[in-house]
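Q: I have not looked at this one before. Can you walk me through it?

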Amino acid sequence: MRSRILGTGSCAPQRVLTNADLERMVATSDAWIVERTGIRQRRVVAPGEACSDLGIRAARRALAAANIQSSELDLILVATCTGDVPLPPTASVVQHGLGAAKAAACDVSAACCGFIYALSVADAFVCTGYRYVLVIGSEVMSTVMDWTDRNTCVLFGDGAGAVVVGSTEAECGILSTHLHADGRLSDLIHVPGGGSSLPPSEHVVAERLQCVKMRGNETFKIAVKTMEEAIREAVADHGFGIDDIDWLVPHQANIRILRAVGQRIGLPPERVVINVDRFGNTSAASIPLALDEAVRNGAVQPGQVVVMAAFGAGLTWASGVIRW
Ligand code: UT7
């Protein structure tokens, strides 16, 4: 028996923040952002709109696509680094919002790799007897941006994606996930303040230490290398070659990273799902958001091999292989 994705859904907040809007906020230009990142716009939440709100909307669409009632869910996992509040878990807010009374609920924190980490947990639970697990990646990155820092604020966006995971005896399903981390490089992308090591204070807010800091250029090089390794490891595990990949659904951080990875592994660009131009980097939401688009627009078809690969803070990197 295997686990498989029974339905997908996503949700992007309505407000669009364009590169032209950012030109009015920091010393940047549409030309620089497009050339260096491929991002043209990103979505940002309205005041009061939280991680759980996006997650619940994405989850309702995934449940409808899977034809599953929320009352049938056994477990809800929310991958996020921008949860509603530190306590309780955002997953419990989602559980209440969906009316999924019998579901256990917890959050998974693995930054941009959070969705693949959570999917691997769902896979393990389904293979050991849970019937339906809801996996959500939801982020409100706009709330951890320093809107005076052009190095980061042009890169990220808000959004959510969700999948319902259940079991199958068919040949399709989640074939494998591979998870990795290297904590030695934890300060490459981090939020230095606002947690237990540096609790919220006037100093933290004045220095904007509750916001994301990133050494972008160093991160870029490691991202290309580890994503390539993650994809090669994922396909080799099944005796597949790169040619067997029908769709690569990568974490959407930067179009140049995706092009470089595609070139290094020899995968044609038309087999890489890309939406970073419209959503920016939505961290744990980026893969399920891109996957849902590719499923709904008919690109991903039954029997095809879908490979997911991600890289992010931690450092963490991860991959997953699905026979759709
Ligand atoms: O999801 C987690 C994983 N995250 C990533 O994978 C992100 C990886 N990193 C990147 O995507 C890229 O490194 C960035 C897009 C963040 C930066 O692009 P880059 O080509 O690596 O630029 P850089 O950091 O080397 O900066 C080049 C120049 C600098 O100016 P000087 O020092 O050469 O005068 C920056 O200050 O570009 C400047 N710069 C900007 N200029 C206009 C940095 N940000 C901006 C900006 N607008 N928004």
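A: A word on terms to start: helices here are DSSP runs of H or I with at least four residues, numbered from the N terminus. Also, this is a predicted model.

Q: OK. Which helices each supply at least two residues of the shell around the ligand?
A: They are helix H2 (30–37), helix H6 (150–153), helix H8 (216–236) and helix H9 (255–265).

Q: Which of them gives the most?
A: H8, with four residues.

Q: And how many residues surround the ligand overall?
A: The count is 23. The closest are Thr28, Arg36, Asn217, Asn254 and Asn281.

Q: What does the side chain of Arg36 do there?
A: An N or O atom in the Arg36 side chain is 2.8 Å from an oxygen atom of the ligand. His251 also has a side-chain N or O atom 2.9 Å from a ligand oxygen. For Trp32, a polar side-chain atom lies 3.4 Å from a nitrogen atom of the ligand.

Q: How much of the ligand does the protein bury?
A: 75% of the 950 Å² that the ligand exposes when taken alone.

Q: Changing topic. What is the strand order in the open sheet?
A: Five strands, in the order E1-E7-E6-E4-E5, with mixed pairing. The edges are strand E1 (2–11) and strand E5 (104–108), each of which pairs on one side only. On average, neighbouring strands of this sheet are turned by 20° against each other, direction ignored.

Q: E6 and E7, parallel or antiparallel?
A: Antiparallel: eight bridges join E6 (residues 133–140) to E7 (residues 158–168). Within that pair, Leu134 stands opposite Val164 in E7.

Q: Which helices lie across E1, E6 and E7?
A: Helix H3 (residues 51–66) does, running at about 125° to E1. Helix H11 (residues 286–296) lies across these strands too, at about 95° to E1.

Q: What about E12, is that buried or exposed?
A: Strand E12 (residues 305–312) is mostly covered, with eight of its eight residues buried. Val305, Val307, Ala309 and Phe311 point one way, while Val306, Met308, Ala310 and Gly312 point the other.

Q: Why two ways?
A: Because side chains in a regular strand alternate between the two faces of the sheet.

Q: What does E12 pair with?
A: Strand E11 (residues 247–250) is joined to E12 by four bridges and runs parallel to it; there, Pro250 stands opposite Ala309. Strand E13 (residues 316–323) pairs with E12 in the antiparallel sense over eight bridges, and Val307 stands opposite Val321 in E13.

Q: How many residues sit between E12 and E13?
A: Three, in a hairpin. Gly314 in the turn has a positive phi of about 145°.

Definitions and conventions
Residues numbered from 1 in each chain as written. Predicted model: local features only at pLDDT ≥ 70, side-chain atom pairs only at ≥ 80, totals over all residues. Heavy atoms only, no water. Pairing = 2+ DSSP bridges. Axes fitted to C-alpha atoms, helices over the stretch in contact; angles between N-to-C directions. Contact = heavy atoms within 4.5 Å. Buried < 20%, exposed > 50% of the residue type's maximum accessible area, 1.4 Å probe, protein only. Near = heavy atom within 4 Å. Polar contact = N/O pair within 3.5 Å; in protein donor to acceptor, adjacent residues only side chain to side chain. Areas by Shrake-Rupley, 256 points an atom, 1.4 Å probe, with all protein chains shown as cover.
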